[in-house]
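Have a look at it first, and then we can start at the centre.

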Amino acid sequence: MAEVIENKQNGVLTAKEFVSGQEVRWCPGCGDYSILKQMQSVLPQLGVSKEDIVFISGIGCSSRFPYYLDTFGMHSIHGRAPAIASGLKSTRPELSVWVITGDGDALSIGGNHIIHSLRRNFDINVLMFNNEIYGLTKGQYSPTSPVKKVTKSTPFGSLDHPFNPLALVLGADGTFVARAMDRDPKHLQQMILRAHQHKGTSFLEVYQNCNIFNDGAFFSFTEKDVKKKHTLFLEEGQPLVFGENEEKGVKLDGFTPVIVDLDSTSKNELWIHDEKDYIKSTILSRFFEDPSVEGNFPRPFGVFYVKERNTYEDEICNQVEQMLTVKGKGDLDKLIAGNETWVIE
Amino acid sequence: MKVTEEKDNVVIKFAGDSGDGMQLVGSQFTNNTALFGNDLGTFPDFPAEIRAPQGTLPGVSGFQIHFGNAEIYTPGDTYDVLVAMNSAALKANLDNLRKGGIIIANTSGFDSKNLRLAGYEESPLEDGQLQDYELYRIDVTKITREALKENGLGMRDKDRSKNMFVLGFIYWLFDRDPQNTLNFLERKFSKLPDVLDANVKALKAGYNFGNITEAFSVKYRVKPAKMPAGTYRSINGNPAMAMGIISAGVKSGLQVFYGTYPITPASDILHELARHKNYNIKTYQAEDEIAAVCAAIGASYGGNIGVTGTSGPGLALKSEAMGLAVMLELPLVVLDIQRAGPSTGLPTKTEQADLLQAFYGRNGECPMPIIAASTPSSCFEVAFEAVRIALEHMTPVLVLSDGYIANGAEPWKFPKADELAEIKVNIQTKPNDDKFMPYQRDERLVRNWAVPGHSGLEHRIGGLEKEDVTGNVSYDPENHEKMVKIREQKVENIANYIPDQEIEIGPEKGDVLVLGWGSTFGGIKSAVKELNDAGYKVSHAHLRYIKPFPKNLGELMGNFKKVLVPEINNGQLIRIIRDKYLVPAVAFNKIKGVPITKKEITDEVKKLIEE
């Protein structure tokens, strides 16, 4: 992973060259710092020139991200980054386009754009920083906050049933669906790289700690002492194993997942992760219980699902090419004159 | 013995149920009239529902055409001929038929059910109430069925050809060759031989019906108009808008990206553009209005010309994104084909009530140039001009049209591609100095355009306030005020690059200046012409550039004792005019979803002069 790939024009790039001059203004201790750092480490490995990379964000703490990267970038308006990316990618398919968004930006105000971007399958990478809170507006509940969450706008607890983001993404026919966390840098780097490598809309949810307004929301998954108990790291072709000493596994009884002890069950009987299996990925996305509930399923991290499907920008370009073949290059005089003309002497 | 009577100009109204095919009849007669060489103006008028309740007044769909042997500026105030396919069509339109006018009534549309639905107790065809008109009763349904006896289609499908019977009869009545419609039918139904046969037979049956029926002894003839020499075509506003966009794309050498969401009456622009992908154009039907404008901004950011089109409700949804484009200082064209509002309003009726929304309807100090089309063919020039301003001045531009212009048609002496000006595009490919400054400006205050893909120009832009020159985020109070002023001045500077306001018709000094914008053009011009002929010192000026105004506008208005501003709204341009020039302009407003007529304007001007 640490190896640096030769870049097409600029020669060898390093993480440092992707650091913009702007002072980073996130709160000290914010999970965003780690995500930025991992991104700066991965970008030199993509084999893409700096000038061909564009970061587009919406509004929210996460959406300041483009300012801190020395690529092309646009900090746009709330929820609309995927829509802006759709026009850019349709007309400049050769660019590497990244959308940086948050749980409120992507799933609340921008919910419509996210699902339509997924079904159209532009070759863009969407990183959704999920901190289950509105940070920039100083602490209201978000569409991913759990029910009963007490925040400034819900002093008696939130009434909203939250989104399960990856289930939503799978429901919208997302073609690359993955989850990572701010506090596992190596895994996060791998996921960013995989998101880039996939041709189609890659949706990477990143659990990100907001240490000011929602500190510890994901500690069950991110902190050393409990992480192994509550998380399941998915690896292609490998059995679903978890637990402090990897002593537990998941097997499928028909379509029903069952947690088993590896003392009594052989690894051969376990569910083998298959990124191309849509049904299994939807079951995995439903491993979404509160980790404090007894006997809960571990929260999966890694790539849930990958599917090859034509991208929108390829299709829109193909159609233009096809029309050029069928009709030839447009003749403006013919167009303006239309079918019927007459002459007045 | 048939007699042919000469007429200078004629107004026909075709009216029927919204499923009767009156729009097709109207557009075919329009093309035929144009090819024949008359000048013309049209006004299609249809319900918002695709098939409104049959036989009822709200279900009436109409098409009005005014044609003549001299210049025609409007679809006409009153009709000379009313074609009524049913009772409701008669009832809805009779008020506008001039006394002595011709009524052609389809008698099978006056059965007891149709009469009841239209609210007639007795048949107006029988009870003598139409004695002031020349009434022709034709059982169109029956004769069409008779003519199609041999045709293999079912009865319902046969009945759908009755609009062609009517068209054929009207062709006979106005001494026209129906060949262009026969060609059209051949093209349209080449794969449906039975349907083609039915339509052709019905058309011919209608034509022959006039010829052989003794009741019809008079035909009419309107000689071709004496129009400036050149090659002409018939054009509607929306297709003209689409062609203007395409032409500007070709002349700028840039790819056009049209992001939009279907909305009446703007959708036809999408339909037209989607057919012409071989002109370096991509069309994108987005998930909503906001996505449509944002996608266009994304395309512009990538170095293309992003265009979005909508109507009033959609313009409201796009406001925030237009503000982003103002802040980013990227080229963008926003087409607003206005309709009657507020909210959903009257979707198929015309209004000019989005001007203040266009002017002020965004958060913060958010100036955008505004230009307005006035006739169907002017949509071409306005769209082209909007792209030019957007690209040359690095700004989003708003174009205002409306349903009346969008769906109306007129003959157009169209330009040759060579005659269209090249549009200068200045995309920067290398940094000037060591470090690229995205908000460095030239003498017009226009910033550099650096698009992804050029090494050394990597930079970040966004909706947060920019520091002058560097484009970095800045919360500095002095800088904010400076940037607000710069953005305003940049738009005002466009006045140096547009033509002076001219007087359309009338003297340079006089009693009243009628100042209009948009689709009131024809009504005002014909009214002022009539007033001039009658000796009144009245002139007409019509604004294309509304922000910024042409530099000489204040001076031009100063040459008249009074300024009258007729608008199809509750008074919008007039507020801006009064605010900017402190002139005591007088408003004339009509907000009924229909155009202002010549007579309404002449009356108003006379009243003003007599005051």
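Which residues have the most contacts inside the largest nonpolar core? They are B:Ile297, B:Ala383, B:Val387 and B:Val399, in a core of 237 residues. A nonpolar core here is a set of buried Ala, Val, Leu, Ile, Met, Phe, Trp, Tyr and Cys residues joined through C-beta atoms within 7 Å. A residue is buried if 20 or more other C-beta atoms lie within 10 Å of its own, exposed if 12 or fewer, and partly exposed in between, with the C-beta atoms placed from the backbone.

Before going further, a word on what you are viewing. This is a predicted model, in which local features need pLDDT of at least 70 and side-chain atom pairs count only at pLDDT 80 or more, while totals for chains, interfaces and linings use all residues. Residues are numbered from 1 along each chain as its sequence is written, while chains are lettered from A and ligands numbered from 1 in the order in which they are written.

Back to the core. Leaving out residues up to four places away in sequence, B:Ala383 touches B:Met241, B:Gly244, B:Ile245, B:Ala248 and B:Val399; contact means that the two C-beta atoms, placed from the backbone, lie within 7 Å. Apart from the core of 237 residues lies another, of six residues, including A:Cys30, A:Ile133, A:Tyr134 and A:Phe213. In soluble globular proteins, nonpolar side chains tend to be buried together.

The C-alpha trace of chain B spans about 90 × 60 × 45 Å along its principal axes, and that of chain A about 95 × 50 × 50 Å. Of the 611 residues of chain B, 55% are buried; in chain A, the buried share is 48% of 345 residues. Among contacts with a separation of 6 or more, residues 24 or more positions apart account for 76% in chain B and 65% in chain A.

Axes are lines fitted to C-alpha atoms, for helices over the stretch in contact, and angles run from 0 to 180 degrees between N-to-C directions. Among the residues making this contact are B:Met241, B:Gly244, B:Ile245 and B:Ala248 of H9(B), and B:Ala383 and B:Val387 of H14(B). The crossing is right-handed, meaning that the near helix is turned clockwise from the far one, whereas a left-handed one has it turned anticlockwise by less than a right angle.

The other pair is helix H17 (residues 521-533) and helix H20 (residues 598-610), packed at an angle of about 50° with axes 8 Å apart. That makes H17(B) oblique to H20(B); angles under 35 degrees count as roughly parallel, over 145 as roughly antiparallel, 65 to 115 as roughly perpendicular and the rest as oblique. The crossing of H17(B) and H20(B) is right-handed.

How do the chains meet? The contact takes 53 residues from chain A and 59 residues from chain B. On the side of chain A, H2(A) gives the largest share, eight residues. B:Ile461, in strand E19 (residues 460-462) of chain B, is in contact with A:Met74, as well as with B:Leu328, B:Pro438 and B:Gly471, leaving aside neighbours within four places in sequence. B:Ile461 is buried, because 25 other C-beta atoms lie within 10 Å.

Finally, the backbone. Most residues other than glycine have a negative phi, and most peptide bonds are trans. The bond from B:Thr264 to B:Pro265 is cis, with omega near 0°, and a cis bond also joins B:Lys547 and B:Pro548, with omega about -10°. B:Glu329 has a positive phi near 55° and is buried, with 24 other C-beta atoms within 10 Å. B:Leu445 has a positive phi near 75°, but counts as partly exposed, with 18 C-beta neighbours inside 10 Å.

Definitions and conventions: Helices (H or I, at least four residues) and strands (E, at least two) are DSSP runs, numbered from the N terminus.
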